[in-house]
Amino acid sequence: MATSSVSKGCFVFKPNFKKRKISVPIEDYFNKGKNDSEDSKLRFETYQLIWQQMKSETEKSHSGFQKNSRDWGCQIKLREIPTAALVLGVNVTDHDLTFRSLTEVLQNNVTPYVVSLQAKDCPDMKHFLQKLASQLMDCNVDVQSKEKEGVQVTQKKIHYSMDSLSTWYMNVTQKTDPKIPRKKRTPSQWQSPPVVLILKDMESFTTKVLQDFIIISSQHLHEFPLILIFGIATSPIVVHRLLPHAVSSLLCIELFQSLSCKEHLTTVLDKLLLTTQFPFKLSEKVLQVLTNIFLYHDFSIQNFIKGLQLSLLEHFYSQPLSVLCCNLPEAKRRINFLSDNQCENIRRLPSFRRYVEKQASEKQVALLTNERFLKEETQSLLENLHVYHTNYFLVLRCLHQFTSSLPKYPLGRQIRELYCTCLEKNILDSEEYASALQLLRMLAKDELMAMLQKCFKVFKSSSEKHFGNTAKRIEEFLAQFQSLDAEAKEEEEDTSESQSKGLQKTDLYHLQKSLLEMKELRRTSKRQTKFEVLREQLVSFIDSLVREYLLLPETQPLHEVLYFSAAHTLRQHLNAAPRIALHTALNNPYYYLKNEALRSEEGCIPNVAPDICIAYKLHLECSRLINLVDWSEAFATVVTAAEKMDANSVTSEERNEIIHARFIRAVSELELLGFIKPTKQKTDHVARLTWGGC
């Protein structure tokens, strides 16, 4: 389209048609991976199923909400606003996610009237009430847009107040229950759903706004039942700093302290990884990458779960045998339908090859040549792997009960640390484990009995039959420790009686002699007491459980089916390296776009690449100062090689102007990204800011 004008200008032509979004289903992209096989669709469906189960497990809410709210309601007095002070912590980055989840829970279980406000939207009382009313009434109140519309709009402007909100609330609630008298309602006896107001960042609100709103709300509490939730990042003391006693006395405050980030992480690992509910597992290096990002970068549980989801997706994308990463009955059924290629993939697994080498020669031949025998053996090995994980997590929890309270925590204070240690190396060879056993041999009877009771509950809750004997053995230890008290009392009584009888008919010389003999006997004799013997037996029993069940996952055949170990791939996706990623995108756009037209040999510049990529690769060939004229000519040379313009529709002058405009835009984008900057040393030159490969 050509446009003639007296003066040259820039014209924008809006298309008459609507652009259709090109959307590729995610399953199609999944199936076009480098490990395409006949099971791609099934692997993708299995991934979706497992991830939905994991996601629902992490989104389960606690069941103690109603009980706490009832106890809290009994303490509310007349004209006191129920207030929850929710302390989330300064370094917690999932505040928005927490408030979204809280809003959903309140709307589903308490009231549909839940409003969330931020300090930046409420500089004064006027805007505060407008934002509150707009969310409650589901109407968009935009003061700036109304002011721009002139006098006619200002006449229709609504002035919101607590009276208008109370009237609106009464009209809405009386439609559902008109029999309730207005004056008989008290905060502890609300018949209609209250209004919950969440102040996400209480520290940022203006003191006067908070004070005025609380005072006015307390006066309208009968007509407008209100519950406040203060989002606090620092400390609960901030409530008393912002509000004087006359205002804070109008609030019935209950403090809710959120768990620490590490406790949140332990809870997520306990639900998703330290269980046999989900077959998918992480190797030690992958788990270390995710935990390091969490502990040293963002403290975000949401990002950790996304990293776990990425690991799950990469496992099903890159491992053809991940089709067997499902519940045991379904995995056995799928094994019967494995193709010849999948059977060969099983034989190529390093763990399976080590397993074959340990078998007799006849069985080796059968495993390598007989498909039916291989499938039967694979079913047996997967069943053994399932039993291994069941035993592993039970013994891991038992060991954690004994070591989590030891001095200096040699094996960690949380089960996550113990689990990482067991994945990293054989725990029997670690110095931390030997130190933990030495400390267990020095514990008192009361401490050991408390640990035994916790461990007994762990094994008692298990449905495994062979651990029933283990639970009985622990119960026997408890009974033996309890019987030591009665035996110790009897021994003390016997020794006191014998000593009194022996000392009745002796003189001072014989008494001194007998005492010296007893002292020498105690010094020379190294016989252990009954408690010490029993304590040593308990430590040996725990050590035997660890030696039998806490084996490395790499020792189990077919562990590659369930364990994702590509830590390098995960690190490339998650670790922040913006300059490297930017250089890769500009230097090789095919790496991210996956467009076959963008493939090029090393050192070549594809003429169909985006303009910024062409300009970037040309600037890499320049020195410290880049001549814009030469750069523009080189850019035009590369671009025109791909252009096929009609000579009748576009003149050479117009084409040059279009190419020049594209070049200027590409140069501006490179300047914005920090690769070049203007310079006063030479005219029509820019300075290059990066060297080497990027």
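The largest nonpolar core holds 104 residues, and F352 and L396 are the ones that touch the most other members. A nonpolar core here is a set of buried Ala, Val, Leu, Ile, Met, Phe, Trp, Tyr and Cys residues joined through side-chain atoms within 4.5 Å, where buried means under 20% relative accessible area with a 1.4 Å probe, counting protein chains only. Helix 19 (residues 371-403) puts in the largest share of this core, 13 residues; helices are DSSP runs of H or I with at least four residues, strands are runs of E with at least two, and both are numbered from the N terminus. Setting aside neighbours within four places in sequence, F352 is in contact (heavy atoms within 4.5 Å) with I346, R347, L367, L374, L381 and L558. Apart from this core lies another one, of 42 residues, with M125, Y169, F224 and I232 among them.

All of this comes from a predicted model, where local features need pLDDT of at least 70 and side-chain atom pairs count only at 80 or more, while totals for chains, interfaces and linings use all residues. Residues are numbered from 1 along each chain as its sequence is written, and side-chain values use heavy atoms, leaving out hydrogens and water.

Then there is helix 29 (residues 611-619): 9 of its 9 residues are buried, so the helix is largely enclosed by the rest of the structure. Its buried residues, including D611, K617 and H619, pack against helix 27 (578-587), strand 8 (625-627), helix 30 (628-640), helix 31 (652-673), strand 9 (676-678) and strand 10 (685-688).

Zooming out, the protein chain has 31 helices and 10 strands, and 40% of its 694 residues count as buried.

Note on methods: Buried < 20%, exposed > 50% of the residue type's maximum accessible area, 1.4 Å probe, protein only.
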